[in-house]
2 protein chains.
Amino acid sequence: MEKDVKRTTIYDLATLADASPSAVSSVLNGTWKKRRISQKLADRIIRLAEEQGYAVNAPASLLRRERSHIVGMIVPKYNNRYFGEISEQFEAMARARGFFPVVTCTQRDPELEFEAARELISYQAECLISTGATDPDRISAFCNASGVQSINLDLPGHAATSVISDNYSGAKDLTRLILDRCETDLGWRGPLRFVGGRRSDHNTAVRLDGFLAAHRERAITVPGSHIMATGYSAEKAATALASVIPDGPTGLFVNSTISLEGVVRWYRALTSKAELVRYGCFDWDPFGSFLPGNVGMIEQDVAAMLDTAFDLIGKPAATEQQILIPCMLRTF
Amino acid sequence: MEKDVKRTTIYDLATLADASPSAVSSVLNGTWKKRRISQKLADRIIRLAEEQGYAVNAPASLLRRERSHIVGMIVPKYNNRYFGEISEQFEAMARARGFFPVVTCTQRDPELEFEAARELISYQAECLISTGATDPDRISAFCNASGVQSINLDLPGHAATSVISDNYSGAKDLTRLILDRCETDLGWRGPLRFVGGRRSDHNTAVRLDGFLAAHRERAITVPGSHIMATGYSAEKAATALASVIPDGPTGLFVNSTISLEGVVRWYRALTSKAELVRYGCFDWDPFGSFLPGNVGMIEQDVAAMLDTAFDLIGKPAATEQQILIPCMLRTF
DNA sequence: CCTATTTGCACAATCGATTGCGCTAGATTG
DNA sequence: CAATCTAGCGCAATCGATTGTGCAAATAGG
């Protein structure tokens, strides 16, 4: 634990093995057969490296090497099932493909996002995936200028290929489900309320379109006051709903699990009147199916989205392209 | 997006600014005043760097520099409120203290854990925090050999300082709460069942101690069959409980939110008999308070744990030391 | 036994940034 | 006006690993 413990280098190993640094390097990075190093010397070096607890100096290696094999990812949050799942699968898939994943969490802060992107590029990331970035185009622009590929995930941008959920179809499916259950359970035809998110936000806007389309196909008119897209936090949803005291059957389309927390708080305060309420949520949570009144949730296909994103890595990028990934409807 | 876009270097900037690479370097890393570079030249270089979208080559910089300012963290999972929270706060706190955080997720796989540790050390991390590692001592040993500080979080080890929740007191408090509520709600005195986790696992063992102590202080005997620590997954908990069909009041101590999923599945299948069941969970989830039958949860004090861990960074390590952080009991 | 290969390795340049040291021109002092 | 000082900057070594090239020694071929 002393500060002056020098890490072992290939030069140390070279001295110990009575060989040259270049031999040590090639043995340890696997290129030694091409360099016609004898099996005997290779074995000796490998044994010594293990004995000494050698670990390559990645900065030195990266400095010289062409490719870094680093792929960076920017996510807004970790403490959320959706982004947690994305981060976790991203790392696993990156490793499976021989990349070194570096994920960083930027709290939906545009400045922090940009700083993080710059840092990842500093570390010579080969590709940067921005998930739910507030300003993806700024990041893409910087990546383009540095010759680094960038891909948008979950939110579309105009300066890089974007892989996003099919929010429209998902929202339409979910809306239909809630409307159906309102009819069968409560004998009531809607219109539903749309709770959570921000209208200026792309995903919210598209989901709202799907929500409205599902109503239109049943010839149900949605009054403007039913669109309660006042923000993402649980508090915002709860206060938006505070004034809504159902005098008859009611249904809600909840736009995220964060908003769902507020909805459930409101729902529970209704006590006996809660029987008159049905809702569904765009986004999945493992405890969702146990919440009374919840008729279904949309689970975004994280694996498919990431698979698609990884397939894009290294390919020439078709800017502006949007790739839609179908969502999965979980009914309870 | 061409492959041969060369990133701008200090040499490029030096040519453009008609100055030397060393001047450019010192201006961009802030040491230029000590080197008596004129304000005029500094301004010129900074402007050019921005125009060119310059980003330092971190590997080159790290190679030469003494300190990397990188702190690494290993977590088992992201898709879980507890570890999601840890990762997120770790990153925020690291940045606030001028460090560059790198978090990596190792799926409770000992080999992957070790590989990840080696990689982080390769990248010259100054300190490595292992969270919930399955084999923390192996990681610490490797760190020690490389002169890198290591700290255990959430699970104790013998080769580095460990910062962990006070599982004993937390479990005792939670057990008391469940026992109390069983008495007041159901008029029943226990004993409770202990569901989830593994007895060989340190945290489970300590929580079990607290669980038993709370029973002892009320002179309640817990039969061996009530300890159902058969694993962490939701399925394991559900199958362990499958045979338990309450003929009278029952109470459960659930050892993690993962196990809780299985418990809730079982609970819901009880339908009318569910009224006879009360449970509490060691670990917090935002939807926990809405689950019927749930009387309270333990929330581990992530901020305090991380604060403590960060304060240890750079300090000479007292191996074997365990620092206990109190948990918070949330009652519903 | 002598030339032609092949085997097995070492040398040295290189990646980009950092930093101790030193040099020059102008300002200041005596 | 010479000696001294200082501001302002450049030179070159260095960090550790990678990799193209070169060169002996060992082996094969005739």
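Predicted model: local features only at pLDDT ≥ 70, side-chain atom pairs only at ≥ 80, totals over all residues.
Local features were taken at pLDDT of at least 70 and side-chain atom pairs at pLDDT 80 or more, while totals for chains, interfaces and linings use all residues. Residues are numbered from 1 along each chain as its sequence is written, with chains lettered from A and ligands numbered from 1 in the order in which they are written.

In the interface, 50 residues of chain A are in contact with 50 residues of chain B (C-beta atoms, placed from the backbone, within 7 Å). Helix 5 of chain A contributes the most to this side of chain A, with six residues. The chain A side comprises 25 nonpolar, 13 polar and 12 charged residues (Ala, Val, Leu, Ile, Met, Phe, Trp, Tyr, Cys and Pro nonpolar; Asp, Glu, Lys and Arg charged; the others, Gly among them, polar). Helices (H or I, at least four residues) and strands (E, at least two) are DSSP runs, numbered from the N terminus.

Leu13(A), Leu16(A) and Ala17(A) of helix 1 of chain A meet Arg44(A), Ile45(A), Leu48(A) and Ala49(A) of helix 3 of chain A. This contact involves six nonpolar residues, no polar and one charged.

An open sheet of mixed pairing in chain A is formed by six strands in the order 8-6-10-11-12-14 (strands pair if DSSP finds at least two bridges between them). Strands 8 (227-228) and 14 (328-331) of chain A are at the edges with a single partner strand each, so one side of each lacks a neighbour in the sheet. Strand 11 (residues 277-282) and strand 12 (residues 294-299) of chain A pair in the parallel sense over four bridges. Phe282(A) has Ile298(A) in strand 12 of chain A as its bridge partner.

Definitions and conventions: Contact = placed C-beta atoms within 7 Å.
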